[in-house]
Amino acid sequence: MIGAHLLAHAGEGRVLPPLTPLGLLSDWTLEWVPALGAVLVGALYVYAVRRLRARGDAWPVTRTLMFLGLGLGTFVVATQSALATYDTTLLWVHMVQHMVLGMITPVFLALGAPVTLALRTLPRRSRGWLLAGLHSQLARVLTFPVLTGALFVATPVALYFTGWYSATLRNPWLHELNHVHFVVVGCLWFWPLLSPDPVPGRLTYPLRLLAVFVTMPFHAFMGVAIMGSSTLLGGDWYADLGRSWGPSLARDQQIAGGVLWGSGDLVGLIVLGALFVRWFSASQREAVREDRRLDRLEAAGERAAQSGR
């Protein structure tokens, strides 16, 4: 285990040992704040599920696996594994971490439906506060697709084409806040699109698909721009590290741009697939409800005809 940030932020000119395939699995670090945050959120989710089942109510195992295993699990990997250990040493590692925190973690947290779970287990007063928050004007603003989509698209532009990224490399607190920012922005974008939770002003499925289609090409454009840029992102920081192993600074940036391009398209396709599945399931449920309604009307008509004889 390597204390990445203790070394990387100790001073310029310090560099970690070469990253190897084995190191990707073994070179973990311990970042206390995200680790404790993940444990706390996971414990609250498990407690709520156990409380729900203790009173005889069901909760889908798939939602628990989505939230804990793939949501919090990918968050822990991104903030504790070699991705965190080497995220200030190699730009491409940072980019993988960025995509995990900004696109993968939020998708599976949303599919875990924690708000629905909270509404089913919180005491009446707390549930009332949560419902009031969900119906507030602030919630409507924070889930407004144009705003959240613009924020989702603008974040990497502001990060990589201003001095923001270089600042995160030199300031550990800003570095960690950047990770939180990725997750929050990703949740604001993906929650109204994918989550079964109640969301104010939710779009219809065709409009949700359109929203994903509109934002999908953006990561490709950003990736190509980064790959072709003659200006090195965080160039002074990486040059002062004096890293003598791995790709050159220019090649590292090209790989990072390729990661942004390829992973953005891949996750976008996964989201589209998830939306199609949810749309199909919703259509099936609506068809069942409509059949039952028609059956009730038919039965009522038959009873009325028999009573009129």
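Biologist: Where does T79 lie?

Modeller: T79 lies in helix 4, which covers residues 61-80. Helices (H or I, at least four residues) and strands (E, at least two) are DSSP runs numbered from the N terminus. This is a predicted model, in which local features need pLDDT of at least 70 and side-chain atom pairs pLDDT 80 or more, while totals for chains, interfaces and linings use all residues. Residues are numbered from 1 along each chain as its sequence is written, and side-chain values use heavy atoms, with hydrogens and water left out.

Biologist: How many helices and strands does the chain have?

Modeller: The chain has 15 helices and zero strands.

Biologist: Is T79 buried or exposed?

Modeller: Buried means under 20% relative accessible area, exposed over 50%, and partly exposed in between (1.4 Å probe, protein chains only). T79 counts as buried because its relative accessibility is 3%. T64, also placed in helix 4, is buried at 16%. Of the 309 residues in the chain, 43% count as buried.

Biologist: Which residues does T79 touch?

Modeller: A contact means heavy atoms within 4.5 Å. Leaving out residues up to four places away in sequence, T79 touches T29, E31, P34, A84 and L101.

Biologist: What does the side chain of T79 reach at 2.8 Å?

Modeller: It reaches the backbone oxygen of F75. The side chains of T79 and Q80 are joined by a polar contact of 3.4 Å. A polar contact is a pair of N or O atoms within 3.5 Å; within protein, one must be able to donate a hydrogen and the other to accept it, and residues adjacent in sequence count only if both atoms are side-chain atoms.

Biologist: Which residues have the most contacts inside the largest nonpolar core?

Modeller: In soluble globular proteins, nonpolar side chains tend to be buried together. A nonpolar core is a set of buried Ala, Val, Leu, Ile, Met, Phe, Trp, Tyr and Cys residues joined through side-chain atoms within 4.5 Å. The largest one here has 61 residues, and Y160, Y165, F190, L194 and V271 have the most contacts inside it. Helix 6 (residues 91-111) gives the most to this core, namely 11 residues. A second, separate core has eight residues, among them L16, L19, A82 and W245.

Biologist: Which side chains meet in a salt bridge?

Modeller: Side chains of opposite charge can pair when their charged atoms come close. A salt bridge is a side-chain nitrogen of Lys or Arg within 4 Å of a carboxyl oxygen of Asp or Glu. The structure holds one, in which the side chains of R55 and D57 meet at 2.6 Å, N to O. Both partners are partly exposed: R55 at 46% and D57 at 28%.

Biologist: Where is the place of P196?

Modeller: P196 is in the loop between helix 12 (172-194) and helix 13 (205-228). P196 counts as partly exposed because its relative accessibility is 25%. Beyond its neighbours within four places in sequence, the contacts of P196 include R63, A110 and R278. P196 and P114 lie 82 residues apart in sequence, yet 9.3 Å apart in space, C-alpha to C-alpha.

Biologist: Where is the place of F144?

Modeller: F144 is in the loop between helix 9 (137-142) and helix 10 (145-160). F144 is partly exposed, with a relative accessible area of 45%.
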